[in-house]
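Okay everyone, let me put today's model up on the screen. We'll go through some ring pairs and then a bit of the surface.

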Amino acid sequence: MNKELEEEIIQRVIGGDKNAFEGLVLTNQKNVYNLALKMTRNEDDALDISQEAFVKAFRQLRNFRGDSRFSVWMYRLTYNLCIDFLRKKPKTTTTSLYHEDESGDTAPLEIPDIRNLPEDTILRKEMRKNIDEGIKELPLKHREVLVMREIAGMSYDEIAKSLRINEGTVKSRLARARLKLIEILKQKGTFPDSFRLNIQEHQKEVE
């Protein structure tokens, strides 16, 4: 479904044609479910979250501003629901973030998982707020590929087809998006000094 058809359906739903929303559900339900499944690792939980995501999307459709594809908006909505769900589940002691350059090489960044620490409730909220705000500060073309790749778990080919660009462009935009997001998070003090990456070294890889 192209962007023009998405916008047409959204306007129809807002105008009172509730049945038109089914078109958006059918187009996005597989990716929404896959994202929820990837994050929860449980089919029943993923199904429940997927259904909740579409109900919430329907109710909040008037808030969709159209500055990105509807699918990207759905991914962010689903991601937030998954995070809320996972807070109630037992967590591991660390969380891994991976940096991947255009050649496909990855480097792990281990940061403390503070989600289970009651005394760090304020810090957890601040971290999530900073990440959300950081993603929003990215240029649209970078924000889209970051959400599709890191949150929705889409392949380079899927992203390329969705945005109608080649895979090389996807990888380039993704590399720049990651670098920019880390710069933003460092400025906000999200990561402790001992876990910060050397931005200058990674910057050379995409210049």
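So, there are four aromatic pairs in this structure. By a pair I mean rings of Phe, Tyr or Trp (its six-membered ring) with centres within 6.5 Å; planes under 30 degrees apart are stacked, over 60 edge-to-face, and the rest tilted. Take Phe64 and Phe70: their ring centres are 5.8 Å apart and the planes sit at 80°, so that pair is edge-to-face. Phe70 also pairs with Trp73, with centres 5.7 Å apart and planes at 50°, so this one is tilted.

Quick caveat: this is a predicted model, so local features need pLDDT of at least 70 and side-chain atom pairs 80 or more, while totals for chains, interfaces and linings use all residues. Residues are numbered from 1 along each chain as its sequence is written, and side-chain values use heavy atoms, without hydrogens or water.

Back to our rings. Phe64, Phe70 and Trp73 are linked by ring pairs into a cluster. Are Phe64 and Phe70 buried or exposed? Both are buried, and Trp73 is buried as well. Buried is under 20% relative accessible area, exposed is over 50%, and partly exposed is in between (1.4 Å probe, protein chains only). Phe70 and Trp73 are three residues apart in helix α4 (residues 70-86), so about one helical turn separates them. Helices here are DSSP runs (H or I, at least four residues), numbered from the N terminus.

Now the outside. Asp44, in helix α3 (residues 43-59), counts as exposed because its relative accessibility is 56%.

Conventions: Helices (H or I, at least four residues) and strands (E, at least two) are DSSP runs, numbered from the N terminus.
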